Amino acid sequence: MIDDGELQKMLCDTESDRVERTESAGGDRGKLRQTVCAFANDLPDYRKPGVLFIGAKDDGACAGLPITDELLLTLSDMRSDGNILPFPVLTVQKRVLNGGEFAVVEVQPSDNPPVRYNGRVWVRVGPRKATASAEEERRLVEKRRAADLPFDQRAVVGSSLDDLSLDVFRREYLPAAIAQDVLAANNRSLEQQLSSLHFLAPNGIPNVAALLVFGKDPMNWIQGAYVQFVRFVGEQITDPIQHQKELTGPFPQILRQIDDVLDANISVASDVRAGAVEIRHPDYPIVALQQLVRNAILHRTYETTNAPVRVYWFSDRIEIHSPGGLYGQVNPENFGQPGITDYRNPLLAEAMKALGYVQRFGMGIPLARQQLESNRNPPLELTASSTAVLATVRRRP
């Protein structure tokens with residue numbers, strides 16, 4: 001973290017392209033996100049953080065903006081609201097500099113550029129920011145560090161572009177991940193587009209995420225990449241099986257299949273009251289189940305196990321088993337709290353957001369809880385161990 005002395009120098013340095021100032025955060029917040037995106041891309045390769053001063057005039061003087069907890073929370077939300085991908089590393093603090101109060105957003109250079117805000121790559125060009133040219137974006141791809149990549153971004157040795165459904169990438173993913181005018185002006189090859197969106201290693205080999213999202217046969221490379229659905233007649237795992245299904249294929253196919261399976265197994269009861277008003281009550285709210293299964297698919301580990309995500313449907317409850325324990329800043333004390341999330345598979349998270357299966361990161365479990373309460377189901381039960389996470393949903397009485 002930058003100390004006060006250096007921050008004060010940066011605040012008054014009107015020529016630095018590592019600094020941006022704004023008097024208020026209440027205007028176009030898209031411009032703030034553009035700045036965060038540009039600092040994260042670090043096109044000049046300073047390998048030092050960029051700083052956004054909120055409550056500062058152009059000359060660095062204090063604008064007198066009240067630095068409230070609400071403002072700091074709003075600025076912190078830029079990290080994980082899903083508009084900037086891959087997720088930037090940033091800190092937000094209230095700092096007193098030269099006798100004035102400022103909100104200071106410190107943005108670290110990304111290990112995995114290019115970083116995009118709403119499908120556009122932003123960079124610093126001198127003291128201003130701009131959308132990256134094709135050449136600038138190529139430079140960002142080349143400076144990506146190969147070391148210490150998350151598992152979903154590691155190359156799968158032996159695979160090639162022939163193992164990917166490139167038509168799915170071109171038809172479904174590109175229009176969802178890239179702004180339309182940028183896509184219309186794009187004259188790069190498909191391989192360059194895959195690399196720009198982080199799906200190819202520097203040597204051109206597909207990574208784990210590419211095979212999971214676009215692979216013709218993901219299980220040929222990642223054996224646990226499927227969902228096992230089993231419906232039991234009773235309340236015990238030893239009871240007879242009423243129905244079972246293995247959901248396989250690339251991510252979009254699995255997610256569509258699980259939505260269909262969940263919807264087909266939900267029962268809806270009718271309650272006709274006085275005045276002939278019919279009220280329909282599902283035994284489980286579909287949105288809650290969707291959120292929990294998507295969470296299980298996204299946050300599971302694909303690296304250390306060949307086990308699938310398991311959805312076990314009993315007569316009194318549904319159990320959703322996700323291989324791999326809690327990750328990163330998520331621990332048993334804060335697990336399930338709104339906004340508390342971390343990403344074992346950040347590129348898969350980016351893909352699920354682009355494909356429309358995640359609206360806002362960190363809100364899956366809170367949304368599931370809200371849906372269960374509205375439907376009058378018992379509260380969601382969450383159990384985490386070092387090797388798995390279990391979500392248990394009880395049937396509506």
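How far apart are the mean positions of the 44 positive and 50 negative charges of the chain? They are 1 Å apart, where Lys and Arg count as positive, Asp and Glu as negative, and His and the chain ends are not counted. Each charge is placed at NZ of Lys, CZ of Arg, CG of Asp or CD of Glu.

The model is predicted: local features need pLDDT of at least 70, side-chain atom pairs count only at pLDDT 80 or more, and totals for chains, interfaces and linings use all residues. Residues are numbered from 1 along each chain as its sequence is written, and side-chain values use heavy atoms, with hydrogens and water left out.

**Overall architecture**

The chain has 12 helices and 16 strands, these being DSSP runs (H or I, at least four residues, for helices; E, at least two, for strands) numbered from the N terminus. Its radius of gyration, taken over C-alpha atoms, is 24 Å, close to the 21 Å that the globule rule (2.2 Å times the number of residues to the power 0.38) gives for 397 residues, so the chain is as compact as a globular protein of that length. Of the 397 residues, 53% count as buried (under 20% relative accessible area, with exposed over 50% and partly exposed in between; 1.4 Å probe, protein chains only).

**Nonpolar cores**

A nonpolar core is a set of buried Ala, Val, Leu, Ile, Met, Phe, Trp, Tyr and Cys residues joined through side-chain atoms within 4.5 Å. The largest holds 68 residues, and Phe169, Tyr173, Phe199, Ile297 and Tyr302 have the most contacts inside it. Beyond its neighbours within four places in sequence, Ile297 is in contact (heavy atoms within 4.5 Å) with Val227, Phe251, Ile254, Leu255, Tyr302 and Val309. A second, separate core of 24 residues includes Cys37, Leu52, Leu72 and Tyr117.

**Helix α12**

Helix α12 (residues 364–374) has Gly364, Ile365, Pro366, Ala368 and Leu372 as its buried residues. These pack against α10 (286–299), β15 (381–384) and β16 (388–394).

**Backbone features**

Positive phi values occur at His198, near 75 degrees, and at Arg376, about 65 degrees. His198 lies in the loop between α7 (190–196) and α8 (208–214) and is buried at 2% relative accessibility. Arg376, in the loop between α12 and β15, is exposed, with a relative accessible area of 59%.
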